Amino acid sequence: MCVRRLFQPSSLYWAWRTTALNRPLGRHQGVLRWTHSGGRSYRAVIFDMGGVLLPSPGTVAEGQASSATAQQSGELPAAMAELAWDFATQEGFRVFKEMPATKTPKRSYHAWAGPRSPRTPMGVRGHSTVAAASPSREAKGGLVISPEGLSPQVRKLYEQLMQFIEQKVYPVEPELQRHQASADRWSPSPLIEDLKEKAKAEGLWNLFLPLETDPEKKYGAGLTNVEYAHLCEVMGMSLYASEIFNCSAPDTGNMEILVRYGTEEQKARWLVPLLEGRIRSCFAMTEPQVASSDASNIEASIKEEDGSYVLNGHKWWTSGILDPRCKLCVFMGKTDPQAPRHQQQSMILVPMDSPGIKVIRPLSVFGLEDPPGGHGEVRFKDVRVPKENILLGPGRGFEIAQGRLGPGRIHHCMRLIGYSERALALMKTRVMSRTAFGKPLVEHGTILADIARSRVDIEQARLLVLKAAHLMDVAGNKAAALDIAMIKMVAPSMAYQVIDRAIQAFGAAGLSSDYPLAQFFGWARALRFADGPDEVHQLTVAKMELKNQSRLQEPAAPRV
């Protein structure tokens with residue numbers, strides 16, 4: 001859409017003529033023209049969707065003009081730029097939206113590789129990272145980069161979710177924070193349970209299960225990963241929101257495991273009460289004595305004995321295990337240490353009332369215990385579990401872990417975008433209401449630079465998250481592995497920096513529990529470890545990049 005075409009017959013023309021020039025206007029070659037008393041002509045050129053005015057052939061400056069009207073003429077570009085921008089963002093988009101659907105751009109927003117265009121030379125870097133999508137996956141829709149592009153049904157969910165959080169969650173955050181610091185912190189908050197019932201009544205429940213996993217919409221809302229990304233970002237704006245909508249880790253990952261890999265008996269016993277919010281669960285994988293970022297290091301054992309499996313191991317950072325509602329533990333250990341490296345591990349469902357499970361202590365993140373679920377250190381000693389509780393069968397644990405961690409990683413990144421948006425919103429409100437060194441904070445250059453950097457950082461990370469979600473929808477989790485690794489590298493560090501800038505703008509208040517910034521900061525930093533540290537994802541990206549020979553190759557020898 002070119003603003004120049006819309007400009008001539010529009011209200012912008014008359015507004016400019018009456019308010020800026022206040023004199024008759026001449027026309028020349030399709031652009032606007034005026035003359036100051038010195039007789040030198042200047043053209044106002046409006047660029048596409050811009051609002052940039054350039055004087056031609058020279059510049060207008062008070063000291064260079066031939067009359068007293070030079071200053072007024074010199075101010076015209078700024079006035080016209082404001083008018084042009086208002087036009088571009090109002091009139092121009094209005095006309096664009098009224099255009100017939102047949103004139104919509106033909107550019108595809110799909111990020112997977114299709115047949116190479118004959119005009120795309122070999123060796124030129126493309127934006128694709130996976131092979132072509134199958135027709136069945138392609139039918140799942142394109143990349144939606146803003147809530148305005150969501151379908152009416154999903155847009156309604158988005159607006160409901162936003163309204164629910166603004167009206168029902170934000171106002172009670174101080175009370176929920178006080179509960180987490182009280183002597184009753186290891187018991188669920190009655191306020192959270194009440195909000196859960198309200199969320200269920202509004203249909204804001206179990207939104208996380210992707211359409212691919214649940215194509216019949218038997219368990220969830222039937223959203224694509226891209227659609228859920230926009231909703232999950234909203235949930236990330238409050239530390240308490242995900243649980244209220246039954247979309248919090250580790251339950252989401254465990255429920256998806258059961259949907260994907262569980263037997264009908266396992267689903268009936270564990271999945272249904274998890275979906276209904278009657279119980280909680282935990283995931284036991286990380287171990288204190290080994291580098292658990294390499295899952296093949298895990299030493300916990302799962303041994304077959306007398307028709308059962310016997311579990312022994314020392315785990316920590318087992319999220320959710322301290323919650324009294326936690327009734328299920330998904331346990332990862334080795335069933336065959338002599339098998340090939342990635343076929344040694346298995347996953348098994350462990351009832352939390354099994355004898356031999358001992359929670360040693362809750363662990364804290366920068367002093368935050370995260371009750372009531374917490375993050376526990378726990379020992380499993382001769383814990384006996386029925387053989388039918390194994391998931392998929394012996395030796396399939398690594399496979400399940402990769403299937404579970406992909407969606408878990410992207411959900412964390414979606415929420416981190418929400419953390420960042422809330423932090424930036426709080427920062428803007430703060431700097432517009434405080435004064436230091438003789439002027440409002442918002443007028444200080446360093447503050448403005450921080451706001452600009454934060455906005456750019458958020459937008460970049462969001463687009464990468466949405467691309468990864470889109471690839472999961474159209475090509476599958478395995479094909480999207482590179483993009484998931486990239487967002488897991490980018491999103492936590494981005495959020496950490498954005499929140500840090502907000503804290504700096506708040507001053508000492510940003511470190512207190514009066515605002516959510518300190519907790520946002522702590523969890524953003526922790527998520528550089530959760531579901532794999534940054535270094536693991538960096539290694540994944542680097543290896544896959546080096547394997548990709550379609551990238552433009554520069555000669556190793558220096559140019560002469």
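**Exercises on rings and burial**

Arginine 422 lies over the face of tyrosine 170, at 4.1 Å from the ring centre (a charge sits over a ring if NZ of Lys or CZ of Arg is within 6 Å of the ring centre and within 35 degrees of the ring normal). This is a predicted model, in which local features need pLDDT of at least 70 and side-chain atom pairs count only at pLDDT 80 or more, while totals for chains, interfaces and linings use all residues. Residues are numbered from 1 along each chain as its sequence is written, and side-chain values use heavy atoms, with hydrogens and water left out.

**Exercise 1.** Find how the rings of tyrosine 419 and phenylalanine 520 are arranged.

*Solution.* Start with the rule: rings of Phe, Tyr and Trp (its six-membered ring) pair if their centres lie within 6.5 Å; planes under 30 degrees apart count as stacked, over 60 as edge-to-face and the rest as tilted. The count by this rule is 6 aromatic pairs. In the pair of tyrosine 419 and phenylalanine 520, the centres are 4.6 Å apart and the planes at 25°, so the pair is stacked. Finally, both tyrosine 419 and phenylalanine 520 are buried (under 20% relative accessible area; exposed is over 50%, partly exposed in between, with a 1.4 Å probe and protein chains only).

**Exercise 2.** Work out whether tyrosine 309 is buried or exposed, and what it touches.

*Solution.* First, the relative accessible area of tyrosine 309 is 6%, so tyrosine 309 is buried. Next, leaving aside neighbours within four places in sequence, its contacts (heavy atoms within 4.5 Å) include Ile348, Val383 and Pro394. Last, tyrosine 309 and valine 383 are 74 residues apart in sequence and 8.1 Å apart in space, C-alpha to C-alpha.
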